[in-house]
Amino acid sequence: LFRSKQWYQRRVAITAGMEELYKKKQSDLMRFLLRVRCWQFRQLAAIHRASRPTRPDKARRLGYKNKQGVCIYRTRVKRGGRKKPVAKGICYGKPKTAGVNQLKFQRSIQSVAEERVGRACGGLRVLNSYWVGQDAVYKYYEVICVDPAHKAVRRDPRINWICNAVHKHRELRGLTSAGRKNRGVGKGHRHAKVIGSSRRANWKRRNTLSLRRYR
């Protein structure tokens with residue numbers, strides 16, 4: 001399908017405009033828009049399918065395509081820390097374990113949102129996710145999911161990598177963008193503790209005595 005140069009220029013201008021709007025969330029327009037959206041999201045189920053992305057510019061940057069086999073799920077996660085689930089707030093044992101209230105979860109709320117959608121939609125693969133709003137109780141995210149069994153996905157060389165079996169439940173193994181941020185994976189001296197895939201693997205390699213036959 002041939003489209004004119006003006007059509008593409010118009011599209012770029014619209015996308016750039018949306019991007020600039022979201023950079024100024026304190027503006028009157030965005031504050032009103034986000035407040036109305038949060039009200040709408042509160043009326044819906046905790047995990048539900050969205051007919052289209054709320055932020056098309058952001059979704060497209062994260063890999064979304066408006067085609068068969070690619071869909072959006074919206075979810076909410078409670079904000080704040082993670083209180084320890086102990087009866088009557090009593091932690092038996094040493095004082096080190098006595099904390100109940102000011103405990104923080106090791107991963108981000110966004111990675112929890114991806115995980116919940118991934119569990120609910122077991123046949124889909126989680127590609128990425130982005131923030132769409134928050135209120136006093138919840139944070140709302142939209143998760144981009146891909147159907148690995150759909151022919152439109154399997155025949156597309158730009159996305160069919162996700163059909164491989166190694167990408168089953170990427171979100172549960174910290175392989176999505178939000179998950180990788182929590183693992184501290186990176187390059188340089190700041191990330192020396194995670195060389196060898198993870199902190200645990202790094203520690204294990206350095207603390208295991210390996211007596212090979214030929215050494």
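Which backbone oxygen lies 3.2 Å from a polar atom of the side chain of R125? I will come to that after two notes on the model. This is a predicted model, in which local features need pLDDT of at least 70 and side-chain atom pairs count only at pLDDT 80 or more, while totals for chains, interfaces and linings use all residues. Residues are numbered from 1 along each chain as its sequence is written, and side-chain values use heavy atoms, with hydrogens and water left out.

The answer is the backbone oxygen of N164. That is a polar contact, meaning a pair of N or O atoms within 3.5 Å, where within protein one must be able to donate a hydrogen and the other to accept it, and residues adjacent in sequence count only if both atoms are side-chain atoms. R125 is buried but has no salt bridge; E171, the nearest side chain of opposite charge, is 7.6 Å away. Buried here is under 20% relative accessible area, with a 1.4 Å probe and protein chains only. A salt bridge needs a side-chain nitrogen of Lys or Arg within 4 Å of a carboxyl oxygen of Asp or Glu. Beyond its neighbours within four places in sequence, R125 is in contact (heavy atoms within 4.5 Å) with residues including I144, V146, C163 and H167.

Now the strands. R125 belongs to β3, residues 125–134; strands are DSSP runs of E, at least two residues, numbered from the N terminus. Nine of the 10 residues of β3 are buried, so the rest of the structure largely encloses this strand. β3 pairs with β4 in the antiparallel sense over eight bridges, where pairing requires that DSSP finds at least two bridges between the strands. A hairpin through three residues joins β3 to β4, and G133 has Y140 as its bridge partner in β4.

β4, residues 138–146, also pairs with β2, antiparallel, over nine bridges. T75 stands opposite Y141 in β4, and T75 is also the β2 partner of I47. β1, residues 47–50, is joined to β2 by four bridges, again antiparallel.

Last, the cores. A nonpolar core is a set of buried Ala, Val, Leu, Ile, Met, Phe, Trp, Tyr and Cys residues joined through side-chain atoms within 4.5 Å. The largest has 17 residues, and Y64, I72, L127, Y130, I144 and V146 have the most contacts inside it. Two or more residues each come from α2 (28–43), β2, β3 and β4. Apart from this core lies another, of nine residues, Y22, V77, W131 and Y141 among them.

Conventions. Buried means under 20% relative accessible area, exposed over 50%, partly exposed in between (1.4 Å probe, protein chains only). Lys and Arg count as positive and Asp and Glu as negative; His and the chain ends are not counted.
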